[in-house]
Amino acid sequence: MIYYNDGTILIRDLCETDPKIFTEGEIAQGWDSTTEKLETRLKDVAEGRAIALAADYNGEPAGYVNVYPDCKWGAFGGMGYPEIVDFNVLWKFQRNGIGTKLMDVAEKIAAEYADTVYLGVGLHNGYGSAQRMYVKRGYIPDGSGVWYKDKPCTPYDTIYTNDDDLVLYLSKKLR
C-alpha cells in the first residue's frame, strides 16, 4: 500500500526485500545490525499486530517505522494505545523531510485506533535527533520515568549500560 507520494518521498508498506537493504545501510553506518528486527516486524504484520512502513527517497529505501495499534508492552502497554516502534532514517538520507513524513503517516495510522500514541526513545546521544524531533512534534514524557529492558527503573537503580534498552516513554494526544 502507498500512504504518501510526492515524487521524491514515497511512504509504503515494508516489503520482504527491505530488511536486507536497511541492515546493510545500518552496518555501513557502523551499527551492530541484523535483519532479525525487521523480519520480526514483517511477521507481526502478517499476524495482524503491526503496520510496518518504509520510506523511499528518489527510489532508494531510506527509512522505516512501525505502528503497533494495541501494544502490549511499555508504559501504556495493554491500555489500547498504539506505540510507534523502531523509527529510523539512514544517515545519508536525513534532513530531507523523510522522518517527518514517516511520523506524519505513523501518527495518522495511530489516530485510527486511539486518541493517544506513545513511543520509547533511547537516552544515549545516538537518539539525539529523534529526541529533539519528538519534542518538536508535541510528545511529552509520560511520567513513568526511565525504563530498562521493558521495566520501569525505581529511584536510585543502578543502570550499567546506556544501550538501546534504556528508554524514556513519551506520549502525544492526536485528537
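How many helices and strands does the protein have? The protein has 4 helices and 9 strands, where helices (H or I, at least four residues) and strands (E, at least two) are DSSP runs numbered from the N terminus. This is a predicted model, in which local features need pLDDT of at least 70, side-chain atom pairs count only at pLDDT 80 or more, and totals for chains, interfaces and linings use all residues. Residues are numbered from 1 along each chain as its sequence is written, and side-chain values use heavy atoms, with hydrogens and water left out.

Read from the N terminus, the elements follow the order β-β-α-α-β-β-β-α-β-α-β-β-β. The radius of gyration is 16 Å, close to the 16 Å that the globule rule gives for 175 residues, so the protein is as compact as a globular protein of that length. That radius is taken over C-alpha atoms, and the globule rule is 2.2 Å times the number of residues to the power 0.38. The C-alpha trace spans about 50 × 35 × 30 Å along its principal axes.

Of contacts (heavy atoms within 4.5 Å) between residues at least 6 apart in sequence, 62% join residues at least 24 apart. Buried residues account for 44% of the 175 residues; buried means under 20% relative accessible area, with a 1.4 Å probe and protein chains only.

Helix α3 covers residues 98–111. Its 14 residues reach 20 Å from first C-alpha to last, close to the expected 20 Å, which is 1.5 Å times one less than the number of residues. Buried residues in α3 include I98, G99, L102, M103 and V105, and also A106, E107, I109 and A110.

Key: Buried means under 20% relative accessible area, exposed over 50%, partly exposed in between (1.4 Å probe, protein chains only).
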